Amino acid sequence: MAYRIQGETGEWEVVIGLEVHAQVISNAKLFSGAATAFGAAPNSQVSFVDAGFPGMLPVINEFCVQQAIKTGLGLKAQINLRSVFDRKNYFYADLPSGYQISQFKQPIVGEGTIILDLADGATREVGIERLHLEMDAGKSLHDQHPSKTYVDLNRAGVALMEIVSKPDMRSPEEAVAYVRKLRTIVRYLGTCDGNMDEGSMRCDINVSVRRPGGPLGTRTETKNVNSMRFMHAAIEYEAQRQIELIEEGGVVVQETRLWDTAKGVTRSMRSKEEAHDYRYFPDPDLLPLVIEQELVDQIKASLPELPDDKKARFMEQYKLPSYDAGVLVAEKARGDFYEEVARGRDPKVAANFVIGDLLGALNKTGKDITESPISAADLGGLIDLIADNTISGRLAKDVFALMLETGKSAAVIVDEKGLRQVTDTGAIDAVIAQVMDANPDKVAEYRSGKDKLFGFFVGQVMKASQGKANPALVNEILAVKLKG
């Protein structure tokens with residue numbers, strides 16, 4: 001069902017486009033050899049180029065170019081063999097040269113697509129307008145001194161990929177799904193680590209509202225949102241703000257806004273600049289970037305299996321439903337872990353343990369699959385013990401909890417705790433006789449036609465055997481004994 005916002009005068013549709021700034025994984029900056037490590041002491045990773053010293057010439061980092069091409073190919077986008085670097089002129093303390101080297105009319109990557117995986121299992125295609133390379137600005141620190149702003153230029157000159165979507169999204173959920181999918185793709189490719197809390201992926205959100213299917217409204221841009229939760233909240237707030245403004249007879253102004261995380265509102269920052277305000281022109285210090293098709297082909301041949309392809313393979317090869325496959329491929333390490341667990345085993349049982357038990361436990365502690373206290377081999381070992389009837393499925397849950405707690409393998413825990421399943425029919429006979437003797441009234445009721453009591457007897461036998469009796473044998477023997 002289409003996402004709509006109910007206003008005082010009827011329904012409204014929200015139109016969303018995103019500009020995602022993704023920091024390129026590279027040991028050096030885009031136009032200098034300065035380091036890019038996160039968390040270094042302020043102004044300790046700054047070259048003369050980054051600091052805007054007169055006469056310093058930029059030199060393109062070939063690896064960053066390859067990373068941009070790789071990302072473009074991962075987005076199934078057009079790779080432009082000739083692109084141009086431009087100067088985007090504006091003046092701010094954290095931009096010492098007075099301009100940002102970016103790409104304007106001729107970017108390195110053109111149109112592409114992303115397939116969104118939505119919560120209801122549906123998929124939706126969103127267009128990519130372009131991907132261009134640019135250098136980042138430094139960082140202004142307003143909280144270090146009561147009356148002064150400090151500037152850290154460590155980030156100045158770091159390579160960014162600005163990935164611009166088409167205005168194809170129609171709800172906050174779709175926008176979040178878009179960023180989640182984009183983040184998954186760049187992490188699979190190894191071109192951006194996607195750490196939003198470290199600022200290596202951040203979003204500018206373009207929002208406008210209109211009557212459903214009507215002409216596009218005036219958009220605003222909310223800058224530098226660095227979490228999916230804040231994105232969702234900012235879109236909801238900004239759409240509601242625009243609707244109320246229009247319905248009260250006001251006009252939406254095209255402007256740049258900021259998301260105030262403390263108050264949960266967007267605030268006006270400045271009137272929206274147009275391209276001519278930045279006075280773009282080709283950077284005279286940099287020749288046009290010309291790429292050989294052979295390089296593009298080499299990079300394409302080296303691409304890993306991407307999330308959509310892996311999901312399709314999991315559904316085909318392991319016969320998993322779309323939801324399970326989607327959860328497992330959301331992180332590359334998660335998919336690899338699952339495949340090791342599933343190798344030679346029931347793939348659905350393996351998926352249930354990885355998704356339901358392991359990921360559930362890891363989420364509670366804020367860990368990801370790479371920090372799992374249970375290895376893929378040990379989780380596979382637990383599934384083997386169920387398959388060969390050493391333990392029951394119910395007991396396996398207890399063993400799993402102990403594996404999480406102790407880090408020991410399932411086999412060791414089963415031996416230490418004496419949890420091996422009872423398959424001795426004589427022993428099971430004895431437990432069944434004990435349960436029947438203790439419940440003669442229930443036996444009589446069952447024999448008079450109350451078949452539903454069978455589950456009661458199964459439960460009592462399993463309880464009396466401390467869960468160790470083989471459930472299949474219990475059912476088989478009980479059916480005979482209760483007939484009398």
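Analyst: Helices H8 and H10 are oblique to each other, where angles under 35 degrees count as roughly parallel, over 145 as roughly antiparallel, 65 to 115 as roughly perpendicular and the rest as oblique. The axes of H8 (residues 347–365) and H10 (residues 393–406) cross at roughly 40° and come within 11 Å. Axes here are lines fitted to C-alpha atoms, for helices over the stretch in contact, with angles running from 0 to 180 degrees between N-to-C directions. Helices (H or I, at least four residues) are DSSP runs, numbered from the N terminus. This is a predicted model, in which local features need pLDDT of at least 70 and side-chain atom pairs count only at pLDDT 80 or more, while totals for chains, interfaces and linings use all residues. Residues are numbered from 1 along each chain as its sequence is written, and side-chain values use heavy atoms, with hydrogens and water left out.

The crossing of H8 with H10 is right-handed; a crossing is left-handed if the near helix is turned anticlockwise from the far one by less than a right angle, and right-handed if clockwise. On the H8 side, Phe353, Asp357, Leu358 and Ala361 make contact with Ala396, Lys397, Phe400 and Leu404 of H10 (contact means heavy atoms within 4.5 Å). The residues of this contact comprise 6 nonpolar, no polar and 2 charged. In this scheme Ala, Val, Leu, Ile, Met, Phe, Trp, Tyr, Cys and Pro count as nonpolar, Asp, Glu, Lys and Arg as charged, and the others, Gly among them, as polar.

H8 also packs against H6 (residues 322–329), at an angle of about 60° and with the axes 11 Å apart. H6 is therefore oblique to H8. H6 passes H8 in a left-handed crossing. From H6, Asp324, Val327 and Leu328 meet Lys348, Ala351, Asn352, Val354, Ile355 and Leu359 in H8. By class, 6 nonpolar, 1 polar and 2 charged residues form the contact of H6 with H8.

Note on methods
Helices (H or I, at least four residues) and strands (E, at least two) are DSSP runs, numbered from the N terminus.
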